[in-house]
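Here is a short tour of a two-chain model, written to be read with the viewer open. Please have the sequence at hand as well.

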Amino acid sequence: MKKIQILGTGCAKCKTLMANTEESVKALGIEATIEKVEKIQDIMKFGVMTTPALVVDGVVKSAGKVLSPEDIKKFL
Amino acid sequence: MNNQHEEDVSLLFLIMKGVGLLLLWGVVYWNLEPFSVWLTSGVLGLPPDQHFSTALQFFVYETPKVLMLLTLIVFVVGIIRSFFTPERTRRILMGKRESVGNVLAALLGIVTPFCSCSAVPLFIGFVTAGIPLGVTLSFLISAPMVNEIALVLLFGMFGWKVAAIYLGMGLTIAMVAGWVIGRLKMDRHVEDWVYATGPAAGLEDEKLDITARIQLGRDAVRDIVGKVWLYVMIGIAVGAGIHGYVPTNAMASFMGKGAWWSVPLSVVIGVPMYSNAAGIIPIVQALLGKGAALGTVLAFMMAVIALSLPEAIILRKVLKPRLLAVFFGVVAMGIMAVGYLFNFIM
């Protein structure tokens, strides 16, 4: 069971990353929880300077990029 | 050894492909004007002196010209940007003296990738790493306002002088406004929780090979050109309309040089508005074409891009009301000052 978090204050790019992540999780057929982290105080705890960011099991995998579903698969 | 050889071959292939594409770009670009003349008067048989044919020829020439320029520059800047991550920019700015820091921050604002939705995490990442408040704000002013999209559109539509003036004005405002706010010693007007956050580690820089960087350049083209082409076409259509029909001094009476209040008024109107550089271009085109003064129009454009109500709401998370007001006030004053200056000397 993987824990995926999407960091972002709710801009359009963050929503796209969320949708792409859901798509790749479905495509891979793995079990995972996807959670949005929208409070800026919580986002800063991950040490990122750009959003949206993708976090898998507590590790920041990418920041400031809208990854495609293909790219996301590599991190899952 | 074999691997090395293969890499060399593919690199050579890549360079040849790049040179080939660039040559093709150049040939097409330099033939756009004759093509537009040939299309309007040769193929469509329109008489050359009529308003409609001038307007149509202008549109047929300018649209691909500006879009081609935009594509080339966005691609090149996309590759340059892959070397300037926010983490690297922060490392460069750390430990710099304030005045040097303001200059560097404004310059780095041009090349560091920036999206307004990242303004807050960037702000926190910078100040918690010990970068002075004024230097951080210089970066935050320059990054959205002075960028390759604004510059290439201004260059394509109004020539290199207008683009150069915009670049100079924008960098000056970012440097001076940040420096002034630094002098005011307003660090305690940053929200208290920001400094309690502790320095953000940031990500390690990715090691990218040339193929990956080219891919980033192509992504930038798809992303940016895909988003702004419509505004560009509207802007040129407006320009074509003016080119062909509208008397050129319709705006001169109330946005011309003579009207002293036009600069502050356009800044006051522009500050709450939100748009990116491309979205504002049609309006700039219309205003300039109808005889508004250059300083006034560029001041309006900068006020719209640099400051906005949504930005105020975002920055309110990290800046207390007084600092937020000072930030908006100093930047708006700076924009007015350069607006006046250019109306005065041009």
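This is a predicted model: local features need pLDDT of at least 70, side-chain atom pairs count only at pLDDT 80 or more; totals for chains, interfaces and linings use all residues.

Residues are numbered from 1 along each chain as its sequence is written, chains are lettered from A and ligands numbered from 1 in the order in which they are written, and side-chain values use heavy atoms, leaving out hydrogens and water.

Chain A brings 15 residues to the contact and chain B brings 20 residues, with contact meaning heavy atoms within 4.5 Å. About 1500 Å² is buried between chain A and chain B, and carbon and sulfur atoms give 72% of that; buried area is the accessible area (1.4 Å probe) that two parts lose on being put together, summed over both. On the chain A side, I40(A), M44(A) and M49(A) lose the most area to chain B, together 46% of what that side buries.

How many salt bridges cross the interface of chain A and chain B? The rule (a side-chain nitrogen of Lys or Arg within 4 Å of a carboxyl oxygen of Asp or Glu) finds zero there, while the count over all chains comes to eleven.

| Salt bridge | N to O distance |
|---|---|
| E70(A) and K73(A) | 3.2 Å |
| D71(A) and K74(A) | 3.3 Å |
| D223(B) and K227(B) | 3.8 Å |

E70(A) and K73(A) are about one helical turn apart because three residues separate their positions in helix α3 (residues 69-75) of chain A. E70(A) is exposed at 52% relative accessibility, whereas K73(A) is partly exposed at 27%; buried means under 20%, exposed over 50%, and partly exposed in between (1.4 Å probe, protein chains only). D223(B) and K227(B) sit four residues apart in helix α11 of chain B. Helices here are DSSP runs (H or I, at least four residues), numbered from the N terminus.

Now for the second largest pocket. Its lining has 20 residues, and K17(B), G18(B), L21(B), F75(B) and I214(B) lie nearest the centre. The largest share of that lining, nine residues, comes from α1(B). A pocket is an open set of points on a 1 Å grid over the protein atoms alone where a 1.4 Å probe fits, with protein on both sides within 12 Å along at least five of seven lines; lining residues have an atom within 4 Å of a point.

Finally, Q285(B) in helix α14 (residues 277-289) of chain B is buried, at 9% relative accessible area.

How values were computed:
Helices (H or I, at least four residues) and strands (E, at least two) are DSSP runs, numbered from the N terminus.
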